[in-house]
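Biologist: I would like a close look at one part of this model. Please take the confidence of a single chain as the starting point and go on from there.

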Amino acid sequence: MASQVGQIGAAPGVGLDTRRADPAAKTAEPHAGKSRLGDRIAFGVLVLFAILWFVPLAWAVATALKPEAETTDIPVRWIASTVTLDAFQAVLSAGNLPRWYFNSALTSLAITVITVLLASLAAFGLSRTRFRGHNLVFGLILAGIMVPGQILIVPLFTEMQFFRMVDTYWGIILPQVASPVAVFIFKQFFDGIPRDLEEAATLDGASRLRVYWQIWMPLARSAIAAVAIFTFVGAWNNFLWPFIVITNPDMMTLPVGLSQVQTAYGIRYAQIMASAVLGGLPLLVVFLFFQRQIVQGIAGTGIKG
Amino acid sequence: MATRATAPAVTGTRGQTPGRTAPVRRAGQGQTASWRSSLAGVGFVIPFLVAYGLFLVWPVIQGFRMSLFNWSLTGSGTTDFLGLGNYREAWADPNFWSSLWHTVLFTLLSTPPLVILSLILALLANRVIPARWLFRLAFFAPYLLPVSVVTLIWGWLYQPGFGLINGYLTRAGLDEVGWLSDANVAMISIVITTVWWTIGFNFVLYLAGLQEISPDIYEAAALDGATGLEQVRSITLPLLARTTTLILVLQVLASLKVFDQIFLLTNGGPNFSTRPIIQYVYEQGFTTYRVGFASAISYIFFLLIIVISLGQFALLGRRRERANG
């Protein structure tokens, strides 16, 4: 498993970053003269698929902007007689949505910060010091990449009962902070850095912890960004674990809370779609601004599911 | 088993680090420094190991223990030792087999479109220069949506009568389809939703792989008179083989773990016809409280995942050797 993750981390992620515009332009050259028609067909097919991919989102927005009475009109219409924000207003004022935003933001941030700290410290230790059992520890951590989190829900839940963490923020956060993949990514990064800087600092008498914090962490900014992004997105969108450990609606994260609105709102489709739109919005807005970093952070590390 | 799988990676990363000076320092600074450096190393790793032990290693062990007992979630535990009793029960349980089959069926149905369609889209996008970022946005954006947003939207699209899809079907004079209520169609609908939701991930992996291919190769081929399609077949696809294997491995593993979107779209229905194995674990553990039995099912599934992973790594390793040799 380890080698796969490494491969992705090393190869396509980098390519995405550095060689984007230039080689692409050149690639087009050879067949530019020959098959203008081919290019046009390719473009047409792509546009078609892009529209297909866009329709569900557009339909959700269109529904959310309708008066409730017109959402179930037959035949279907995209634009209702009046465009209204009533559904958004209703969802934001009556529902638990703001609370779920807060819960998701708080727990995802905590998970991200703790994951980055624990994993970078461990990777630093594994990469820059040798100790007895070093390889055993690294092997044990890598083996964890193979364990699907889904099979742990039952024993993790009884463990949370034991710690009295059911229905608490810590109950959401703690089981998500030990990420073997994050250790692997940091270790790869640290392994690739020349030692000169560190040697100088160590000779100056700086403690190892200071070397880690003042020299290595600033150097590792790109690795931190990648780990932070995939950790945050994963935590923000995680459904199964928060669903298991939380039953109190006030403690629910966004994905869990939204999974309950269908029953809560009955068949008020404008409101259901308004909450879906609002629920998807935060990451999409962030994505618009940090497209490249997010694609790299997620694809570059090759994690899924 | 696990250690064997990871061993090459360990040597691999060490090989990339010529400057590992631990032995040098030991020689230079004597025994104390080495001992202290060793202690510091352990100190750095310990915080992670504590979390790892508590929230990964321990549940793995505890889950296996549970699977050997008649263990209930309620009460302080009726813990009669059953040995392999739970496993025998699972083996004889038709619900276990049917839900395992649904997971496998979902994997068989979702993997081909997620691998092939993402490849086609990436090939097209790599060819088209204008607005490539827009296509990346269109295909990747759904991947960032929480699963419940995805299932709310698609549940609405799939509605009978006034749902968008059925609305257009009837307008075109066709019959309505019971997207989520017809047992023969429900799994297909789930696959469609999944493809829409997650294809962006494979798409960007393929795009990245495509950009690693040197344009010079295409130029040479074009001089030799190879047409666009010939170039794709004889240059692009072979050079993408590694990316494809990788995507295939990740996709199969991801598909096997399916739960969220099925649970939220159909709740495993109609009439349990889409219930995946993870949902069966969830139901046994959290609605009938038979955590011992649920753990046994988990572990059979875990074993399946390990066997498939190891098989795939072997495949991947062979590919790489062939590529290097």
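Which element of chain A has the lowest mean pLDDT, and which the highest?

Modeller: In chain A, the lowest mean pLDDT, 33, belongs to helix 1 (residues 2-18), and the highest, 97, to helix 8 (residues 169-173). Here pLDDT is the predictor's confidence in each residue, from 0 to 100, and helices are DSSP runs of H or I with at least four residues, numbered from the N terminus, while strands are runs of E with at least two. Residues 1-33 of chain A have a pLDDT below 50, and this stretch has 74 contacts in the model beyond near neighbours in sequence; a contact means that two C-beta atoms, placed from the backbone, lie within 7 Å. Where pLDDT is low, the predicted coordinates should not be read in detail. This is a predicted model, in which local features need pLDDT of at least 70 and side-chain atom pairs count only at pLDDT 80 or more, while totals for chains, interfaces and linings use all residues. Residues are numbered from 1 along each chain as its sequence is written, and chains are lettered from A and ligands numbered from 1 in the order in which they are written.

The average pLDDT of chain A is 81, with 82% of the residues at 70 or above. Chain A has 17 helices and zero strands. Of its 305 residues, 50% are buried, that is, with 20 or more other C-beta atoms within 10 Å of their own; 12 or fewer counts as exposed, and anything in between as partly exposed, with C-beta atoms placed from the backbone. Of the contacts in chain A between residues at least 6 apart in sequence, 80% join residues at least 24 apart.

Chain A also meets chain B: 111 residues of chain A are in contact with 103 of chain B. Helix 3 (residues 36-64) of chain A gives the largest share of the chain A side, 14 residues. That side is made up of 69 nonpolar, 29 polar and 13 charged residues, where Ala, Val, Leu, Ile, Met, Phe, Trp, Tyr, Cys and Pro count as nonpolar, Asp, Glu, Lys and Arg as charged, and the others, Gly among them, as polar.

In chain B, helix 11 (residues 241-256) has buried residues including B:Thr243, B:Leu246 and B:Leu256. B:Trp97 lies in helix 4 (residues 94-127) of chain B and is partly exposed because 13 other C-beta atoms lie within 10 Å.
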